[in-house]
Structure formats: structure tokens, C-alpha cells
Amino acid sequence: MTVAVTGASGHLGRLVVEALLRDGSTPVVAIVRDPQKIADLAERGVDVRQAGYDDPDALDRALDGVDRVLLISGNQFGERVAQHTNVIRAAERAGVKLLAYTSIPRATENPLILAQEHKGTEAVLAESTVPHAVLRNSWYWENYFGGLGHAVETGVLHGAADAGRVAGAARADYAEAAARVLTTDGHEGKVYELGGDERLTYAELAQVISEASGKPVRYENLPQADYSAVLRQAGLDAGYAAALADADAGIASGILDVDSGDLQKLIGRPSTPAVEVFRAGLA
């Protein structure tokens, strides 16, 4: 059995490849746009193949002989459904036995801006002929690293999540779960709602950052529009700032408060403590 990971040079993709190498039970194919970015993995025996999500011919070559594939959602917003569809169709042509896709919690009813292309991709998967599993990842704690230094420096974590809870986990936890799905049986047709043990409000998240940094940090809740403006002032473009502020509003509504236990069952342990993740981010 051969397993493949798309987007293997990205943060999540590389961690999945590393988890597969630790498992050691199957040959690993890493699919990337630029093979030079993971030349070190090729030196460790990974079969590195070049393909982008918008190149069907390259995807056909990349998936040749692959039994199971992880489709990691792309980062070209507005293009993702079409690009993901290219991978799904290539998997169909290759006779892939299982395609796992990284989605978002409650994708079919999730109102977030960031959820809509996941919803569209899941709809394509539902009508495809390739056996599939859906990994609905909640937030990575690493999502907060971009503003972590500022929060520690100023003592204030800004957001628009009110008292909503986010069931975050370390990116490596989600990677380990994906590797488990790729290397074990019985996942066809499954939808996994994945979230960490710690379902934190932003006030609690600020306390975690305080513990990790050794400096006091408090949470300041803002109206959604005001938080979007803060993000734009920090250098984000208007569209991305609006999407992140919209995500915080979704957290306030409970859409990312995942308590299924699916992540813990897949990895066979509790999720990595948030304070450990943030300590690593501050190191």
C-alpha cells in the first residue's frame, strides 16, 4: 500500500509526512508544487512528486500507483473548490482506494466565510466515485502565532469571539490523526469532527499565553467590525481581515466548539496541552 500527501511542503503536510515516516508501515509519496522545498524528505526515502492543484495532467502522474491520499485544502481562496475537484477527479482516474480531505467543523451548516469552499468540496466528494473520509479540523493553536508577539508585548489579546469556545489543538495532533486514517482501515464514509481537549474562551486563551510567556496578558473583546479594522491596521488585506473577524464571530456562536472526542480516539491520547504549543511558539 502506498499513501500520498498533497501540499506536503506546507506546515500541516510536512507534519503528516513526518508522522507517516515515524509509523513506517507504508511507502510515502509527497506531492508538491516545488520539490526543492522538501529535498530533505526525498533524501530520507520519500517519493517526492511535482504537481499543483490546477494541473490535472501532473496530478494524474503524481497519483499513479497511490492507494490512499490525503487532500490538504489549498490556500488560494476563491479557487479552492475547482482545485480540489481536480485532485478528486485525478484520484478517481487513478483508482485510489481512499481519499481523506481536511475540512472545517460542521462544514455543511457552517456559516463562516472560511467554511464555504470546504462545504463546496465536500459536496463534490459526496458525489464522487472515490471512497473518502472527511477530517473536519477545528482551529490549530498555531493560528494565533501571528499576533502572539504583539499580545505578549502589549499585554492584550484582541478578538471578537466574546465568550465562545474554540476546541483548538496542535497542528501536529491533526497531522497524527490524518496519518492514522491513511494507514489503518475502516475509515471509508466517515466524517470526523476533530477538536482538542481544551475548549477555551479567548479570556482563557489569554491566561494560557500568560502562563507560556511569563507575562500578564488579558483578553479585550471588540465588535466584529472593529476587530477587522485592527487586523487591517496590522497589515492584513481587507478580505482576509474580514474572514478572520467573521471566524471570531463564529467562535462566539459556538461553531468551533467541538467535543466529539474523534481526535482523541484517532491519536489514542489527549491533545497536546495548549500551553506547550504556545511555549514552542514563543521559543
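Tutor: Let us begin with a definition: helices and strands are DSSP runs, numbered from the N terminus. Arginine 106 lies in the loop between strand 5 and helix 5. Please note that the model is predicted.

Student: Why does arginine 106 count as partly exposed?

Tutor: Buried means under 20% relative accessible area, and exposed means over 50%. Arginine 106 has 25% relative accessibility and therefore counts as partly exposed.

Student: What is the phi of arginine 106?

Tutor: Phi of arginine 106 is near 50°, a positive value in a residue other than glycine. Most residues other than glycine have a negative phi.

Student: Why is aspartate 162 called partly exposed?

Tutor: Aspartate 162 has 48% relative accessibility, so this residue also falls between the limits of 20% and 50%. Aspartate 162 is placed in the loop between strand 7 (156-159) and strand 8 (166-167).

Student: Which residues of helix 5 are buried, and what puts them on the same side?

Tutor: The buried residues are Glu117, His118, Thr121, Glu122, Val124 and Leu125. They cover an arc of only 160° around the axis, and therefore lie on the same side of helix 5. The face turned away from that buried side carries the exposed residues Ala126 and Glu127.

Student: What makes helix 9 oblique to helix 10?

Tutor: Helix 9 (residues 224-233) and helix 10 (residues 238-253) pack at an angle of about 140°, with their axes 8 Å apart. Roughly antiparallel requires an angle over 145 degrees, and roughly perpendicular requires 65 to 115. Helix 9 is therefore oblique to helix 10.

Key. Residues are numbered from 1 along each chain as its sequence is written. This is a predicted model: local features need pLDDT of at least 70, side-chain atom pairs count only at pLDDT 80 or more; totals for chains, interfaces and linings use all residues. Side-chain values use heavy atoms; hydrogens and water are left out. Buried means under 20% relative accessible area, exposed over 50%, partly exposed in between (1.4 Å probe, protein chains only). Helices (H or I, at least four residues) and strands (E, at least two) are DSSP runs, numbered from the N terminus. The arc is that of the directions from the helix axis to the C-beta atoms. Axes are lines fitted to C-alpha atoms, for helices over the stretch in contact, and angles run from 0 to 180 degrees between N-to-C directions. Angles under 35 degrees count as roughly parallel, over 145 as roughly antiparallel, 65 to 115 as roughly perpendicular and the rest as oblique.
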